Amino acid sequence: MLGRALPYSTTAKNGYQGAVYFHTPSYPPSPSDQYADDPAYFINTIQVSPYTIRASKAKYYKQIRRSAQDTLIDGISYRGSIYVDTEEDFFC
């Protein structure tokens, strides 16, 4: 049955006898700066991660603005940006 699923020979010259080897195509790793769908997040004009936005308290928000213009920060391209103005003393 494995012979039908895997078109490769079950006898590997460099492998162990009786072992099943799965052959998958190798893909190059994605660059770390390629998050095309993520916007840049800012709290009180300071760039933060999306996780930091989740940790902030929404009841202190004064204003939330969204920009559709792509943003380039430190060589990383972001699709748009989200600005949160808050009364919370978040960075102390």
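Glu87 counts as exposed, at 59% relative accessibility. Buried means under 20% relative accessible area, exposed over 50%, and partly exposed in between, with a 1.4 Å probe and protein chains only. Glu87 lies in the segment after strand 6. Helices (H or I, at least four residues) and strands (E, at least two) are DSSP runs, numbered from the N terminus. Setting aside residues up to four places away in sequence, Glu87 touches Tyr60 and Lys62. Contact here means heavy atoms within 4.5 Å. The C-alpha atoms of Glu87 and Gln63 are separated by 9.8 Å, with the two residues 24 apart along the chain.

This is a predicted model, where local features need pLDDT of at least 70, side-chain atom pairs count only at pLDDT 80 or more, and totals for chains, interfaces and linings use all residues. Residues are numbered from 1 along each chain as its sequence is written, and side-chain values use heavy atoms, leaving out hydrogens and water.

Four strands form an open sheet in the order 2-1-6-3, with mixed pairing. Two strands pair if DSSP finds at least two bridges between them. At the edges are strand 2 (46-48) and strand 3 (61-67), each pairing on one side only. Neighbouring strands of this sheet are turned by 25 degrees against each other on average, direction ignored. The axes are lines fitted to C-alpha atoms, for helices over the stretch in contact, and angles run from 0 to 180 degrees between N-to-C directions. Strands 1 and 2 run antiparallel and are joined by three bridges. Tyr41 has Val48 in strand 2 as its bridge partner.

Beyond its neighbours within four places in sequence, Ile53 is in contact with Tyr41, Phe42, Ile43, Val48, Tyr61 and Val84.

Phe42 also belongs to an aromatic pair. Rings of Phe, Tyr and Trp (its six-membered ring) pair if their centres lie within 6.5 Å; planes under 30 degrees apart count as stacked, over 60 as edge-to-face and the rest as tilted. The count comes to one pair. The ring centres of Phe42 and Tyr83 are 4.9 Å apart and their planes are at 10 degrees, so the pair is stacked. Phe42 sits in strand 1 and Tyr83 in strand 6, 41 residues apart. Phe42 is buried at 11% relative accessibility, whereas Tyr83 is partly exposed at 27%.
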